[in-house]
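Please read it alongside the sequence and the model shown here.

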Amino acid sequence: MSAPTDVKYVNIINGQATGADTNAPVYNPATGQPFAEVPVATRDDLDRAVAAARDAFPAWSATPIAERQAIVSAIGDRLEEHAEEFLALLTAEQGKPRPMAEWEVYGSVAWFREIAKQELPEDLLEETSERKVISRHTPLGVVGAIVPWNFPILLAVWKIAPALVSGNTIIVKPSPFTPLCDLKLTELVQDLLPPGVFSALAGDDDLGKWMTSHPGIDKIAFTGSTETGKHVMASAAGTLKRVTLELGGNDPAIVLPDVDPKKVAPQIFWAAFQNNAQFCNAAKRIYIHDDVYDAVRDELVEFARTVVVGDGSQPDTQLGPIQNRPQLEKVTEYFDDCRANGYTFALGGTIDTSSDGWFVPVTLVDNPPEDSRLVAEEPFGPILPLLKWSDEADVIRRANDTVWGLGATVWGADLEAVERIGRQLEAGTVWLNEVHEYSPHQVFGGHKQSGIGAENSLHGLAEYTNHQTVCLNRSEGSVA
Ligand code: NAD
């Protein structure tokens with residue numbers, strides 16, 4: 001099923017469908033053709049959305065949490081009722097094939113329902129006849145959510161659900177490359193909420209800058225690149241906004257000598273190439289022990305040859321296109337750099353530019369230098385370096401020798417060794433003999449330049465709140 005082309009997409013401001021003087025096209029990356037357009041929000045649109053969010057905040061934050069939780073859960077139900085439309089739309093605007101779209105859409109449903117069960121109870125620290133001391137959480141106010149293009153729904157939901165449960169109002173800004181699902185979701189659930197509580201604005205990168213500096217926004221929840229994250233933090237400093245930054249990564253995967261190459265290869269493949277490697281948590285450097293390097297490389301090549309790359313709307317497709325043209329150009333640079341430096345391609349290596357869609361072949365690079373761009377940077381596309389190791393301390397050092405620290409994996413039969421190595425890796429999530437297992441109740445965040453703060457779990461929920469200590473002096477005769 002493909003997404004209809006005659007649907008109108010609107011910004012939602014104060015509960016109202018809102019157009020704009022200027023519209024921007026949205027492309028299907030599998031065809032390279034525009035198939036929809038969205039309004040480009042102006043600064044005035046943002047001001048009106050912020051004013052509405054501020055007006056809505058007192059009543060929303062005073063609404064009993066059980067009611068807010070029920071509404072957030074109902075948003076999940078509504079998304080589930082319309083899942084088929086969102087699956088088609090997500091594939092059309094993002095490019096991902098059906099199984100990955102299902103993971104994202106049904107994952108989002110689950111996130112709404114599970115985050116809706118969370119709350120941060122008050123802590124009674126002291127209670128005597130003289131004094132009562134309570135520690136509690138209060139909502140921040142208006143949240144600005146800024147979302148990337150690789151998981152446009154799920155990464156918005158990771159912000160919408162906790163912001164609303166904890167009593168904030170929210171304005172979502174999707175990526176200009178993938179605005180459709182977020183606008184539709186916002187429109188679809190307006191009847192469940194008071195106006196102004198949940199708005200969405202499509203716009204360009206300027207809109208992001210206006211949000212991060214806006215005095216009426218109290219917190220920015222941002223997912224995107226490390227480079228943009230630094231701009232967000234600098235801009236937010238002007239008003240001392242709270243920030244949660246979920247940024248880039250360069251996740252190492254360490255493969256021990258006792259693996260069965262045939263069994264581990266498909267798992268490593270999907271760790272690296274899921275979502276066409278446009279995944280913050282994609283395994284981006286594969287360190288394979290010398291003893292099994294050739295065997296694992298050959299099994300990876302063999303498995304990769306069976307994987308179907310194509311238009312995500314086709315039932316057999318396993319990997320879709322690169323999501324947007326600038327990203328295609330960026331990924332192409334890594335191919336050119338590998339070729340210019342004479343690195344060996346174990347598979348792939350040549351991009352067919354005659355296709356209208358933005359397709360790149362699955363590419364494996366055989367043991368490039370540790371300081372090559374491919375190893376040191378985040379290509380965010382389906383070109384993967386395979387590297388050799390023989391000394392445990394050295395591979396741990398190499399795995400940690402990066403500014404990033406988002407995720408890491410270790411693969412091996414000796415579970416003691418696997419855990420010993422895993423515990424020495426500098427990353428927010430370390431998966432051992434598995435990968436990409438997330439939960440609304442599992443904290444997620446980056447070490448080092450992969451981010452600040454966390455999403456999911458009660459730690460993530462707390463980031464939408466202030467800490468407040470309430471001290472009551474009950475001693476008789478102290479004031480009257
Ligand atoms: P990006 O940083 O280019 O854009 C992210 C969002 O920021 C978009 O909505 C964009 O319009 C907006 N933006 C751009 N410039 C801005 C500015 N100056 N001020 C405010 N907002 C601005 O990232 P992308 O290319 O959309 O996404 C890919 C990156 O995101 C990769 O680096 C990836 O690793 C990272 N990512 C991280 C996570 C995580 O949870 N840590 C998850 C997914 C993606």
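How far apart do the C-alpha centres of domain 1 and domain 2 lie? The C-alpha centres of the two domains lie 31 Å apart, and the contact takes 22 residues from domain 1 and 27 residues from domain 2, where contact means heavy atoms within 4.5 Å. This is a predicted model, in which local features need pLDDT of at least 70 and side-chain atom pairs count only at pLDDT 80 or more, whereas totals for chains, interfaces and linings use all residues. Residues are numbered from 1 along each chain as its sequence is written, and side-chain values use heavy atoms, with hydrogens and water left out.

**Domains and their interface**

- The domain assignment gives domain 1 (11-247 + 450-469) and domain 2 (251-432), with bounds that come from an automatic or database assignment.
- Between them the two domains bury about 1900 Å², 61% of it on carbon and sulfur atoms; buried area is the accessible area (1.4 Å probe) that two parts lose on being put together, summed over both.
- On the side of domain 1, Pro29, Trp149 and Ser450 lose the most area to domain 2, and together they account for 28% of what that side buries.
- Between domain 1 and domain 2 the count of salt bridges is zero, a salt bridge being a side-chain nitrogen of Lys or Arg within 4 Å of a carboxyl oxygen of Asp or Glu.
- The residues of domain 1 that touch domain 2 divide into 10 nonpolar, nine polar and three charged, with Ala, Val, Leu, Ile, Met, Phe, Trp, Tyr, Cys and Pro counted as nonpolar, Asp, Glu, Lys and Arg as charged, and the others, Gly among them, as polar.

**Salt bridges within the structure**

- A search of the whole structure finds 30 salt bridges.
- One of them joins the side chains of Arg54 and Asp218 at 3.2 Å, N to O; Arg54 lies in helix H1 and Asp218 in the loop between helix H7 and strand S10, so the pair ties together parts that are 164 residues apart in sequence (helices, H or I of at least four residues, and strands, E of at least two, are DSSP runs numbered from the N terminus).
- Glu378 forms a salt bridge with Lys284, with the closest N and O atoms 2.9 Å apart, and both residues are buried, which is to say under 20% relative accessible area, with exposed over 50% and partly exposed in between (1.4 Å probe, protein chains only).
- Arg131 forms a salt bridge with Glu126, and Arg131 counts as partly exposed at 33% relative accessibility, as does Glu126 at 30%.
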